[in-house]
Amino acid sequence: MKDGAVTDEFDHAAGAYDRLVAANPGYHAHLRISARRLGLPGDGSGLRLLDLGCGTGASTAALLHAFPRARITGVDASDGMLEAARAKPWPASVSFHRARAEELTPEWAAEHLDGPVDAVFGAYLIRNCPDPDALLSAVRALLRPGGRIVLHEYSVADSVSARMVWSAVCWGVVIPAGRVLTGRADLFRYLWRSVLEFDGRAALLERMRRAGFASVAGAPLPGWQYGVTHTFVGRRPLDTRGGPADVR
């Protein structure tokens with residue numbers, strides 16, 4: 001699925017996606033919490049933010065809510081999702097581009113964003129990438145030294161209770177609702193399975209460290225998703241004397 005079929009399924013589900021996530025208590029509030037955990041100064045004035053895997057723009061809206069004066073660029077590989085995102089009202093400081101997140105380069109950032117970014121936000125992104133390590137390497141290269149990353153992601157491998165809650169919600173609500181609203185359930189069965197197979201919290205934090213991020217930490221989201229959905233944060237180290245140094 002991750003080598004192309006996921007994008008096709010997101011294209012198919014795009015028209016119903018906002019209705020699906022609206023039925024998830026706390027979905028938008030949790031995105032705003034993770035956006036604030038970027039810890040950027042003030043209202044984002046003068047900052048360039050990259051929303052990778054922006055989908056229909058829910059995560060973009062969370063960034064805009066937290067940092068209303070930042071320049072925000074949403075990127076997604078799904079034409080259907082981007083069409084839904086672009087159809088919404090946005091200020092001139094928000095733009096969208098079609099691309100695969102793990103294929104972005106500093107040259108792309110220079111052309112489209114006028115240089116490296118101050119922060120990257122990736123909501124429900126890394127789990128869907130065929131090569132999570134390649135994604136993290138690409139993100140690190142896109143960030144300015146000292147720039148920040150937040151991953152907002154499901155992670156249940158470290159908790160039996162979280163896995164049980166996740167499976168119950170998927171088979172009791174998500175998969176049936178997805179089938180009704182989109183006419184098929186492939187994407188939602190994939191969602192259930194991909195979360196169960198993805199990194200636990202400790203493994204993802206270690207993956208971020210191996211990719212060269214400093215000040216790496218994770219925190220859960222509240223509500224029914226406590227222990228299921230987390231914010232993972234890190235920074236690109238400051239480059240001093242030709243090598244990385246921690247930024248705290």
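Reader: To begin, where is the place of Ser59?

Author: Ser59 has its place in helix 3. Helices (H or I, at least four residues) and strands (E, at least two) are DSSP runs, numbered from the N terminus. Please note that this is a predicted model, in which local features need pLDDT of at least 70 and side-chain atom pairs count only at pLDDT 80 or more, while totals for chains, interfaces and linings use all residues. Residues are numbered from 1 along each chain as its sequence is written, and side-chain values use heavy atoms, with hydrogens and water left out.

Reader: Is Ser59 buried or exposed?

Author: Ser59 is buried, with a relative accessible area of 4%. Buried means under 20% relative accessible area, exposed over 50%, and partly exposed in between (1.4 Å probe, protein chains only).

Reader: And what is Ser59 in contact with?

Author: Leaving aside neighbours within four places in sequence, Ser59 is in contact with Leu31, Asp51, Gly53, Cys54, Phe121 and Ala123. Contact means heavy atoms within 4.5 Å.

Reader: Which residues does Leu49 touch?

Author: Not counting residues up to four places away in sequence, Leu49 touches Leu40, Leu63, Phe67, Ala70, Arg71, Ile72, Thr73 and Ala119.

Reader: Where is the place of Leu40, then?

Author: Leu40 is in the loop between helix 2 and strand 1 (48-52). Leu40 counts as buried because its relative accessibility is 11%. Beyond residues up to four places away in sequence, Leu40 touches Leu47, Leu49, Phe67, Ala119 and Arg148. Leu40 and Phe67 are 27 residues apart in sequence, and their C-alpha atoms are 8.1 Å apart in space.

Reader: Ala119 keeps coming up. Where is its place?

Author: Ala119 is in strand 4. Ala119 is buried, with a relative accessible area of 1%. Leaving aside neighbours within four places in sequence, its contacts include Leu38, Leu50 and Leu143.

Reader: A change of topic: which residues of helix 5 are buried?

Author: In helix 5, Trp108, Ala109 and Leu113 are buried. They cover an arc of only 100 degrees around the axis, which puts them on the same side of helix 5. The arc is that of the directions from the helix axis to the C-beta atoms. On the other side of helix 5, Glu107 and Glu111 are exposed.

Reader: What covers the buried residues of helix 5?

Author: The cover includes strand 1, strand 2, strand 3 (94-98), strand 4 and helix 6.

Reader: And what is the phi of Asp114, the residue that follows helix 5?

Author: The phi of Asp114 is positive, near 70 degrees, although Asp114 is not a glycine. Most residues other than glycine have a negative phi, and most peptide bonds are trans. Asp114 is exposed, with a relative accessible area of 55%.

Reader: Which residues of helix 9 are buried?

Author: In helix 9 (residues 201-210), the buried residues are Leu204, Leu205, Arg207 and Met208. Seen down the axis of helix 9, they fall within an arc of 155 degrees, so they line one face of the helix. They pack against helix 6 (132-142), strand 5 (143-154), strand 6 (214-220) and strand 7 (229-235).

Reader: Lastly, how many residues line the largest pocket?

Author: The largest pocket is lined by 48 residues, of which Phe10, Tyr17, Tyr27, Tyr124 and Leu191 lie nearest its centre. On a 1 Å grid over the protein atoms alone, a pocket is an open set of points where a 1.4 Å probe fits, with protein on both sides within 12 Å along at least five of seven lines; lining residues have an atom within 4 Å of a point. Helix 1 supplies the largest share of the lining, eight residues.
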